[in-house]
Each structure stands twice: as C-alpha cells, then as structure tokens.
Amino acid sequence: MHLSFDHTNRCVDATSLWLRAMLLAACCLVGTQNLHTVHATELTFISLFSRQIRNMDDRIRDLEREIELLPVASGASSSVSLGWHTRSLPSAEVIVRATIDLGSNYVIDKIALVPSSGENEGYLTPGYGFPLRFQVELSETANFDQAIPVGDFSKSDIPNPGSFPFVIQLNKQRGRYVRFTSRKAWPRYDDWIVVLGEIMVISGERNVAAGASVSASSSVRAQPIWSPAFLTDGQSLLGPPVNREPSPSNGYLAVQESSPDILKWVQVDLGREFPIDDIRLFPSRPTDFADAPGIGFPPRLRIEVDNNANFTSPRLIFATGSEEMGNPGDNPVTIVANRLPARWLRVTATRLRVRGSLSSFSLAELQVWSDGINVAKGVPVSALDVFSKPNYPRWRPEYLVDGFNSRHQIIDLPVWLDGLARRQEIVRELEMIRTQRSQVTDALLARTLKLSVTLVLAAITLGTFAFWRSRLSRRREMERLRLRIASDLHDELGSQLSSIAIAAQLALRRVEDGEATRQRIEEIERIAWETNESMHDIVWLLEPGNLSLQELVLRMRESAAKLLRDTRYAFHCHESVPSRSLSIDFTRNMLLLFKEILQNIVKHAQAKTVTIEITIQRDEFQFEVHDDGLGFDLIQTPRGNGLDSMHHRADQMRGNFIIDSSPANGTTVRIEAPIR
C-alpha cells in the first residue's frame, strides 16, 4: 500500500473542476439525484462526442478485467526484517555492490529485485531507497572474471517500482554468483542511499537464492531490521506467492497449551523416497481467529527426515537451536535440504508461539520440493495431537497440504512474479490512459463553457466562499497547533536538555572517577536520544497525511520496534485498519501515551516479554500493553508525575486509563478512547 502523498495532486485543473460542477448542477436541475447516475451521464455525454474516448474506455475496461485475475502484492512487510540498507553515500555516483553466492551453478530463468519500504519525509514509502540506475551480473566464479551482464539499467533513470518486484528475464544462463551494482543511488534528504528488500533468483520453480550467503560493499547493520543477510531471508513486502482465489482452510493447528515449553510435531508421508531440494513453511493467518500474521509459527523448531514413519533414525535438516526465530508474518520460510533423500518429513516445534495466555503451533501449508515438483501436496499427514473444535472447522491436518495458505491459493513462484510484473504494467498503462482521457475530456468540456457561464459563475462563488471558510478554519487550527507545539517543546525538550546539562556538569566534576564518568556520559547519550525522538514525533504530527488511523498504527509499530529493540515483544492489530482521518489532539495524545508506557517498561519493568494488542471497534480505539516484569503495588506506590501525566492524556481524549499490576506479576495497561 503506497502511503506517500503527492502534493502536486492537489492542483486539479480548475476548468475541468468547474465544468464538472456545471454538469452536476444541470443533472440536478432535470431531477437526477443519484451520484452514480450523474457520473454515468457525464461518461455518456462525453463519449457521444469522441471516438477516441470510447476507445480509451474500452481499453480501461479490458485492463480492469485482466487485473482482477492477477495476484496482488502485500505492499507492506509483516516481518521485522526489511532487507539491505547502505550507509549514507556522499554522492549518487558512488558504486555499491551486493553479491550472492548460490552455493552451486544453476540455470537461471529470472532474477527479481524486490523493493523495501521505509520512512521518507514522514511517509511510509514502498520503493524506499530503490536505486535509479543499476546493473546485474551473473558469474560462475567469485572474482567475476567472465561475468555475464544479465541486466544493464545504467543508461537512464528507471521508474521506482514501489510495491512491485523488478523482474529481469534471463535466457537460461548458468551461474553461481549474482552481483548487483548500483550506478546511481536514491536521493534522501541531503544524501543518497541504496535499499533492497530481497533478491530472488529463480531456477525452475525454486528461488535458489533462499538462505544463500550475501556480501555487500556498504551496509547498515541494524538488527533485526537491516542486514545484507536479509536480502535472501524470504521476508519482503510482496508477501506470500498466492493468487486471488479464497482459501477454504486455515491449515494445521496443534492442541493449544498454557506453557510454550511443550514439544509438538506434525509429519507428512511422501509415499516414496524423494531427493528433497527445499522445504517451504507457510505461516498461518486465520480468518476465523484474530487477524495476527504468523500466529502459531514456532519460534524454535527443527526439521527431520527419515525412511521410517516412527523416526527411529532421523536425519536433521534444520534446527533453530537456542536462538528463537522471528515471526515471519505472512512470508513463507524456505529451508534448503541439499537433495537429502527421504520419504517421511517431520516438523517439530521445540517452543510454541505465545499469544496472550495460550501457546500454540500452527502452519498454513507445508511444501516439499523435489526436481521442481511439490511432492507433499495431498499426501497423508499425521501429528502428535490435533486442535479439534466444531466451531473452527478450517483447522485440520489434511489442510496442511491442500495447496492453500490461510487466505488464498498458493501458486508457483515464476507464475506469481510474472503476474505481479504484469500487474505493474497494467497499473502504469491505466494511469497513462486515464491521464490522456482526462486531457481529452477537459478539452471537450471546455467547448461547452460559453453555454454555462451563469452556472460556472455560481460555482466559482460557492467555491470561493468554501475555500475562504476552509482557509479561516485552517488558520485557527494552525494557531492552536503552534501553541501546543510550544508547550511540547517546553515540556519535552526543556526538561530533557536540563537533564543533559546537569549530567554533563556532574561528569566534569568527577572526571577522575572513570566508571562514574562513563555512566553519566551514557546518561547524556540516552537523554539526547530521547530528546531527538520527541522532536521527531512533534515534526511527524505536522507532516501532511499523517493524521489517520493507518499512519497512527504504523507509527506505533515503528516506535515499538525502536523502544523494545532489546526486548522480545509481539505487536498485534486485531482488525484491518480503516482509512479514517484523526484529529491532531487524538493522534498526539495516543502516540505519546503509548511511547511513555513502553519507556516505563524499558526503564523500570525488567521485562523479558512484552505483548501489544491493538483493537479498533467502530468508533473506539483500544490498545493494551502487557509485560512480565517486576510489577508494583498500586496501593503502596505513590502516584507520581508519570501516572498523572498518562491519566491526564487519557482524560484529554475522553478515554479510560486502566492499569493492573502487582509485585512479581508484571503490569497490564489498557487505554480505551473514542476515535476523534
């Protein structure tokens, strides 16, 4: 979903606007009340006078019918990892490279460069950092002494692909190493950067780059968000390879437990021994549970194969070990098996995914690929135990291999990438045709201007009055906003800068004490970081387009990733976020209240796990933050400025501030406020 805003779109052609108002008024005069009828009347009226427009309309209808059948990219990553991000570059012409070692020589059919998304000037922008010019080469040797150029896009700037993959078709060239070279970086503020979300290398039905090693000449290493390794981790804004056909199932779900430390397994019988190339695990995102990407995907797991159903002699393909795997969201996880032969394959969850008070293990689909075929489709499935409730019929073991994830039908990677590339072509063609049609339409409507002078003048008068009223209202709102900003700067930055000054003075007085000086300088660094974050929040509120539910939830997700970067946490939004505008006061108070709660957890709670639940119900916005930290006695603990401030913000939103805590049992804070 492209959330950036083009300010030039505000400048609508005045002649076209007033002429359409004239047509609307004329339709109303003759008794037409329905707006759809008015729009159809306009189309019919214009089409009568232009064969060119009729041809354009026919082409638009054909393209709209075709695009309805094509797959849709997710548009926003549901995983924490976003890809590869270079350091700030001093000029656009600085050469940066990323090289992938596929491990063996493959016959390559296509290479897909998947954009990432990031914040640019306050907007979440798909295609963030995608270079303007670049080259892609293939080689059988690591030094690229006989490199094959498979894509040279260095002669002129290319359009930003946004949420779509940039697909390069190859003519069955062989190679082991893929090198991406940026020739002109992407402009950001006063510097330049290069960002990619994923590089897919397709050989047959496989992405042979999955899990491959990556090296880069420049990189920001900001775990768990940016790393060269994330170019081949399978996590991107494209989402899973699915078409538009709805899924009849959710997948497999084991019996839910009260503790995550309970072993669960599910296995498939392939019918005979196959050499296994890849195993693909599709996370579940059920339609009859809470909408939570990756729900039940085990943070720790192992994958084994055997030629005996009882796994008396298992061979290990993959194991997470002691480190937990991040939630992949909607993206499939690909495990390379290196053609290990086996008949039975078992996935064992050695730690369950925790959500609320329950721990679970679930998968939407399990694929086992051998020589370009998913040999697991439709095979028998068995498990240690099975979740079985009549109210939830979409969970069954056989649904683990039915060809669907929890939302749609899974399709082959090459078909999916080609479909997304075709969708991008259609989107661009539709934009071009609609722009041309608008120009032709405006020219035709201009010819009727002399016949409608009275209506045009009336429309201009009404429009001028409305514009004046809007400007007056906006001016008053800006004055109130300036006062609030001044207050925020005084309250937030003034106190922070005072603390910095005090800490610096103490550090200078105790220079001889090395440890004390280090601690005070660390305190200065922390306060400066918090001051910078506060300033970013204030500026973000002023940016156009940020006062919406979608942007608020995205900002809360980003704030959680930054503040809880050293703490295991889960962020869930239980409903699809509607496109709805918010007031400045509501957005400001809700965001600052959310961040203050997280900062208190980081500073005082000593929590190991934090769970964030966001719920949007009609006209009410709710969020709940639970931590398993130290907790405190609500009665014995004096009510300080922190709690008073949070209560005050909740009161300003006409909402409820509910806190539940006790020593050694963690803390739960719940905010409920009417959407304004």
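Here is a chat about a predicted protein model.

Visitor: What does the secondary structure come to?
Guide: This predicted model has nine helices and 31 strands.

Visitor: And how much of the protein is buried?
Guide: Of its 676 residues, 48% are buried. The protein exposes about 33100 Å², and carbon and sulfur atoms supply 53% of that.

Visitor: What about contacts between residues at least 6 apart in sequence, how many join residues at least 24 apart?
Guide: That share is 79%.

Visitor: How do β27 and β28 pair, parallel or antiparallel?
Guide: Parallel, over six bridges, with β28 covering residues 609–617. As one example, Tyr-569 has Val-610 in β28 as its bridge partner.

Visitor: Which residues touch the most other members in the largest nonpolar core?
Guide: Phe-621 and Phe-623, in a core of 37 residues. Elements that each supply at least two residues of this core include α6 (514–542), α7, α8 and α9 (641–652), along with β27, β28, β29 and β31.

Visitor: Where does the largest share of this core come from?
Guide: From α8, which gives nine residues.

Visitor: Back to Phe-623, what does it touch?
Guide: Leaving out residues up to four places away in sequence, Phe-623 touches Met-556, Met-590, Phe-594, Ile-597, Glu-613, Ile-614, Val-669, Arg-670 and Ile-671.

Visitor: How many residues are in the second core?
Guide: That separate core has 32 residues, and Tyr-252, Leu-363, Val-375 and Ala-376 are among them.

Visitor: New topic: where is Asn-405?
Guide: Asn-405 sits in the loop between β25 (381–383) and β26 (408–410).

Visitor: Is Asn-405 buried or exposed, and why?
Guide: Buried, because its relative accessibility is 7%, and the cut-off for buried is under 20%.

Visitor: What does the side chain of Asn-405 reach?
Guide: The backbone nitrogen of His-408, at 2.7 Å. Setting aside residues up to four places away in sequence, Asn-405 touches Pro-240, Val-242, Ser-247, Ser-249, Ala-364 and Ile-410.

Visitor: Last one: which residue other than glycine has a positive phi?
Guide: Gln-606 is one, with phi near 55°. Phe-144 also has a positive phi, about 55°, and is not a glycine. For background, most residues other than glycine have a negative phi.

Visitor: Where are Gln-606 and Phe-144 found?
Guide: Gln-606 is in the loop between α8 and β28, while Phe-144 is in the loop between β5 (133–139) and β6 (148–153).

Visitor: And are they buried or exposed?
Guide: Phe-144 counts as buried because its relative accessibility is 8%. Gln-606 is exposed, with a relative accessible area of 61%.

Note on methods: Residues are numbered from 1 along each chain as its sequence is written. This is a predicted model: local features need pLDDT of at least 70, side-chain atom pairs count only at pLDDT 80 or more; totals for chains, interfaces and linings use all residues. Side-chain values use heavy atoms; hydrogens and water are left out. Helices (H or I, at least four residues) and strands (E, at least two) are DSSP runs, numbered from the N terminus. Buried means under 20% relative accessible area, exposed over 50%, partly exposed in between (1.4 Å probe, protein chains only). A polar contact is a pair of N or O atoms within 3.5 Å; within protein, one must be able to donate a hydrogen and the other to accept it, and residues adjacent in sequence count only if both atoms are side-chain atoms. Contact means heavy atoms within 4.5 Å. Two strands pair if DSSP finds at least two bridges between them. A nonpolar core is a set of buried Ala, Val, Leu, Ile, Met, Phe, Trp, Tyr and Cys residues joined through side-chain atoms within 4.5 Å. Accessible areas come from the Shrake-Rupley method with a 1.4 Å probe; for residues, only the protein chains shown count as cover.
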